[in-house]
Amino acid sequence: MREILRITNLHTYFFTPEGIVRANYGVDLSVWEGEVLGLMGESGCGKTVLAYSILRLQQPGKIVEGSIFFDGRELTRLTEKEMEKIRGKEIALVPQDPAASLNPVFTIGEQLREIVRVRNNERSLWDELKSAFKRGSKYHEDEIVKLLEEVGIASPQQRMKNYPHELSGGMKQRILIAMALLARPKLIIADEPTTALDVTIQAQILQLFKKLKGKTTILLITHDPGVAVEICDRVAVMYAGKIIELADTSSLLKNPLHPYTQGLFSSLSFSRKTYLPFIEGEVPDLIHFPQGCSFHPRCPKKKPICLIEEPPIIKFRNRWVKCHLY
């Protein structure tokens, strides 16, 4: 398989009056063409910042070090105009909150047609949009309707006339996925697409992503081990701004190596006969990192070296882990 995205030693910082927030602190990650790679970790560990850093939308944060290679181009060296040609067209984002990501003053159809116009590099976008809306344009309607059907939207012609507030949370999430697919990108970044949805709608969204496997490359961000196991080919586990373990999903499920990963996946084997497993403590303050391994204040298996020295990357065949236990 071809490597479509490679992130090397990425440092994304936020400079605040309280100090420097090291949201991404030496991230290394590769995504292969056609795979679904899961990025998993607790809230506040830097997953979303990484997604926005790839798109160079991390403001007010700043990429202070590292490289992001996408399809042979170094994104950190591109100008804003060059990045505009990549965002949406080559790398599409499915944001975390569908309600906040759709424009409330335009219909769904108008917003979908806008994606097509951007994809086709049409000039005077805003003027063309306004004139098209006034005359009720059928611009690329067949393509849009077909795609809405594929993502599970019933009565797509009617839904295109609706405004975002007239749709349920699950339908809005499907619309955002349709927008991402409509641009025909090489990579889709889905930032916790099942958050705040009920269990039934979550299952439908996951089923939709399963259908996309192999057709496009997906970086799926989630805090739910169950979601990662369900559809990902490989999973990278993130903690305190760093990737601490990476493996294919089957290996990670059968034998998680890092104590943090073991804690996350222990919830999958929980039964009514046992106490609900949990990881003590909280994600560390990203301004004041603990010395040594960032997980040691919460780790039940820590050794003296963990308190003073950062663990190296230990490789096992097709997987790796950052932990002094190995």
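Tutor: Let's pick a single residue to begin with. Gly-88 lies in the loop between α2 (80–84) and β6 (91–94). Keep in mind that this is a predicted model.

Student: Okay. Is Gly-88 buried or exposed, or something in between?

Tutor: You read that from relative accessibility. Partly exposed covers the range between the buried cut-off, under 20%, and the exposed cut-off, over 50%. Gly-88 has 30% relative accessibility, so it counts as partly exposed.

Student: And which residues does Gly-88 touch, leaving out those up to four places away in sequence?

Tutor: With those left out, Gly-88 touches Ala-183 and Pro-185.

Student: Can we try another loop residue?

Tutor: Take Thr-216, which is found in the loop between α9 and β8 (217–222). Thr-216 has a relative accessible area of 10%, so it is buried.

Student: What does Thr-216 touch, if we skip residues up to four places away in sequence?

Tutor: Skipping those, Thr-216 touches Gly-34, Glu-35, Pro-185, Lys-186 and Ile-188. Pro-185 turned up among the contacts of Gly-88 as well.

Student: Now helices. How do I describe two that pack together?

Tutor: Two packed helices are described by the angle between their axes and the distance between the axes. The crossing, where α8 passes α9, is right-handed.

Student: Which residues make that contact?

Tutor: From α8 you have Gly-170, Gln-173, Arg-174, Ile-177 and Leu-181, and from α9 Ile-201, Gln-204, Ile-205, Leu-208, Phe-209 and Leu-212. Sorted by class, the contact of α8 with α9 has seven nonpolar, three polar and one charged residues.

Student: What about α6 and α8?

Tutor: Helix α6 (residues 141–150) packs on α8 at an angle of about 130°, and the axes are 10 Å apart. That makes α6 and α8 oblique to each other. Their crossing is right-handed. Glu-143, Ile-144, Leu-147 and Leu-148 in α6 meet Ile-175, Ala-178, Leu-181 and Leu-182 in α8. By class, that contact has seven nonpolar, no polar and one charged residues.

Student: Let's zoom out. How many helices and strands does the protein have?

Tutor: There are 12 helices and 12 strands. The C-alpha trace spans about 70 × 50 × 40 Å along its principal axes.

Student: What does the radius of gyration tell me?

Tutor: You compare it with the value for a compact globule. With 326 residues, that would be near 20 Å, and the protein has 21 Å, which agrees. You can look at burial too: buried residues make up 51% of the 326 residues.

How values were computed. Residues are numbered from 1 along each chain as its sequence is written. This is a predicted model: local features need pLDDT of at least 70, side-chain atom pairs count only at pLDDT 80 or more; totals for chains, interfaces and linings use all residues. Side-chain values use heavy atoms; hydrogens and water are left out. A crossing is left-handed if the near helix is turned anticlockwise from the far one by less than a right angle, and right-handed if clockwise. Helices (H or I, at least four residues) and strands (E, at least two) are DSSP runs, numbered from the N terminus. Contact means heavy atoms within 4.5 Å. Ala, Val, Leu, Ile, Met, Phe, Trp, Tyr, Cys and Pro count as nonpolar, Asp, Glu, Lys and Arg as charged, and the others, Gly among them, as polar. The radius of gyration is taken over C-alpha atoms; the globule rule is 2.2 Å times the number of residues to the power 0.38. Buried means under 20% relative accessible area, exposed over 50%, partly exposed in between (1.4 Å probe, protein chains only). Axes are lines fitted to C-alpha atoms, for helices over the stretch in contact, and angles run from 0 to 180 degrees between N-to-C directions. Angles under 35 degrees count as roughly parallel, over 145 as roughly antiparallel, 65 to 115 as roughly perpendicular and the rest as oblique.
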